[in-house]
Amino acid sequence: MNFNSKRFSLAAGALILLAVLPMLPVPPFWITLLNNIGIASLVAIGLVLLTGVGGLTSFGQAAFCGFGAYTTAVLTTAYGISPWLTLPLSLAMGALIALPLGLITVRLSGHFLPLGTLAWGIAIYYLLGQIDMLGRHDGIAGIPPLSIGDHRFMSGSSIYYVIWTFVILTAIAAQNLLDSRVGRAIRALRGGGQAPEAFGVNVVRAKLTVFVLAGVTAALAGWLYAHMQRAINPTPFGINMGIEYLLMAVVGGAGYVWGAIFGASIVLVLKEVLQRYLPDLIGSTANFEMIVFGILLVLILQFARDGLWAFILRLFPLASARKISADAPLLEKRPTAPQGSSLIKVEKARKTFGGLVAVNDVSFEVTAGQIVGLIGPNGAGKSTTFDLITGMNSLTSGTVSFAGKQLSGRSPRDIAGQGIARTFQHPKILPDMTVLENVALGAHQRGHSGVAKSILRLERGEEASLLAEAATQLERVGLGEFKDRPAGDLALGQIRILEIARALALDPAVLLLDEPAAGLRLGEKKELATLLRKLRSEGMSILLVEHDMSFVMGLVDHLVVLDFGTLIAEGSPADVRKNPAVIAAYLGGVA
Ligand SMILES: Nc1ncnc2c1ncn2[C@@H]1O[C@H](COP(=O)(O)OP(=O)(O)OP(=O)(O)O)[C@@H](O)[C@H]1O
């Protein structure tokens, strides 16, 4: 385990307290509250994955509790099916509804996504209240309690153990998931945009995965709620509860699984206290706790964005570094292209934006073992050409091929899979993840384990290989000593190198570097040039866009010069330096 001893003793203490609590002379009211906290924690854990980690805000999770609760309520009361048999069915119902809803919702961007979840959160609540079979607004009563043999979990203190067993198992499962290849892909969603696709992550699939998982944990909460209350109606599955669940995840710390339990505890205890004392204090029985919650949410977003769990973690910092297994099996490598063979071939590539011709029938080639520089003044079309090669932009006409295979029309993820890895002009790292994890993300496509294996920790062998590969690439670029640091701690020069290591983790045939020297100091530029030469000597082919002429001239084998979208010269740096068109257009006094 990754815990240091302080954290371990804290966790063990909390677990023992949780286990003995119902045996102590605690008022039943507190046990009921703890049961409610447990059930809410399950929804909040799903929201931590969805919102905190994946960056997809949902107000509609209470509706999924409703699907879980109503599924078991109908099946147990109308058809007499055992609650244990309805458990997988309730979870499947959560997944089944999350899938199409997710397919529509996760494609929404910006504020449309939370608005979308708000819309279905409200719609589903009203729908539940209109269906005769579900008892309309009166709901369904007479739901049987859970039982094992002759023992029926009727009392609050007996179902307490069932609820908290599920909570702890779900939290461990979520933690396992986050600490895996699939978890890294989900965490990469926060980076936003197409960047994760460029290092091989299927963004839509990662979003759907986390959406379905959040739906399933909420359905589990609903199933437990139905058998605890033994009567349900639509009220607890409405939008008010949806907002409250989101508040729990945010208060606890949207990115922390155990923070979900902490957040659920704080919100529900506070709600209880407010409901009890607020009416006496202000002389009215209206729902003023919602106002207090609103203020609390604003304060937390303002002053403690990482939530309150982050404060607790700071009191018990982790000391351990990530262990890299020396005997982890090596990942499969792609065969190296023969020196001098054609890799990237751009033929009559054209890109227009309205009336503007950004890339004007440009043709050039990158052959194996070369460093090719793509240069030109501002607005010459360099980045657009880069995007045409990597699939970030589509060609208006012309073709791009890689080792004889057409790339036109393929997705950035597919193109990465062919062996073309890229870095970005504005680095796209995940600052909260360690340097090692950022690099391991680059090896995403070289692993295959899915959600189930990750949750059950059956992918440890593959994970060890992925991390060992990331560590090897970090050593290769000279960042080995930083592997356990948060990537956000690195200086710009190191971040650019980190992006190169992440690209190398894909085991690429060609590296595409977008202005790798931009913003670097002279010493850093020299180190970068040394690294790129070393990579070339190891057989790596590189295409780079660069502004810094002295950096490019001393480094590349071949130069391609663009001006106003048109190729005006190409050849060796010495030839290009003498070319009058280039001198006029770009190099000027530098040449
Ligand atoms: N998405 C877009 N929509 C409209 N015009 C665009 C778009 N992307 C680029 N352009 C235009 O295409 C031309 C080429 O831009 P591009 O970014 O490829 O040039 P560049 O050589 O990379 O410049 P820089 O060195 O400043 O990054 C510019 O005139 C730019 O304004």
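These legends accompany close-up views of a predicted model.

View 1. Six strands make up an open sheet with mixed pairing. Their order is β10-β11-β12-β7-β13-β14. Strands β10 (420–422) and β14 (566–571) are at the edges. Each has a single partner strand, so one side of each lacks a neighbour in the sheet. From one strand to the next, the twist averages 20 degrees.

**View 2. Strand β7 beside strand β13.** Strands β7 (residues 371–375) and β13 (residues 558–563) run parallel. Four bridges join them. G373 has L559 of β13 as its bridge partner.

**View 3. Helix α14 on the sheet.** Helix α14 (residues 382–390) packs on the sheet. Its contacts are with β7, β10, β11 (510–514), β12 (541–545) and β13. The direction of α14 makes about 145 degrees with that of β11.

**View 4. The shell around the ligand.** The residues around the ligand are F353, L356, A358, G376, N378, G379, A380, G381, K382, S383 and T384. Helix α14 gives the most, with three residues. By class, the shell holds four nonpolar residues, six polar and one charged.

View 5. The unreviewed UniProt entry annotates several stretches as "transmembrane region", among them residues 35–56 and 159–178. Residues 35–56 are 86% helix and 0% strand. The end C-alpha atoms of that stretch are 27 Å apart. Residues 159–178 are 100% helix and 0% strand. Here the end C-alpha atoms lie 29 Å apart.

**View 6. The enclosed helix α7.** Helix α7 covers residues 181–188. Eight of its eight residues are buried, so the helix is largely enclosed by the rest of the structure. The buried residues include the arginines R181, R184 and R187. V182, G183, A185, I186 and A188 are buried as well.

**View 7. Positive phi at D361.** D361 is found in strand β6. Its phi is near 50 degrees, a positive value in a residue other than glycine. D361 has 14 other C-beta atoms within 10 Å, so it is partly exposed.

**View 8. Positive phi at F564.** F564 sits in the loop between β13 and β14. Although F564 is not a glycine, its phi is positive, at about 50 degrees. F564 counts as partly exposed because it has 15 C-beta neighbours inside 10 Å.

Key: Residues are numbered from 1 along each chain as its sequence is written. This is a predicted model: local features need pLDDT of at least 70, side-chain atom pairs count only at pLDDT 80 or more; totals for chains, interfaces and linings use all residues. Two strands pair if DSSP finds at least two bridges between them. Helices (H or I, at least four residues) and strands (E, at least two) are DSSP runs, numbered from the N terminus. Axes are lines fitted to C-alpha atoms, for helices over the stretch in contact, and angles run from 0 to 180 degrees between N-to-C directions. Two residues are in contact if their C-beta atoms, placed from the backbone, lie within 7 Å. A residue is near a molecule or strand if its C-beta atom, placed from the backbone, lies within 6 Å of it. Ala, Val, Leu, Ile, Met, Phe, Trp, Tyr, Cys and Pro count as nonpolar, Asp, Glu, Lys and Arg as charged, and the others, Gly among them, as polar. UniProt positions are given in the numbering used here, feature names are shortened, and annotations may be inferred rather than shown by experiment. A residue is buried if 20 or more other C-beta atoms lie within 10 Å of its own, exposed if 12 or fewer, and partly exposed in between; C-beta atoms are placed from the backbone.
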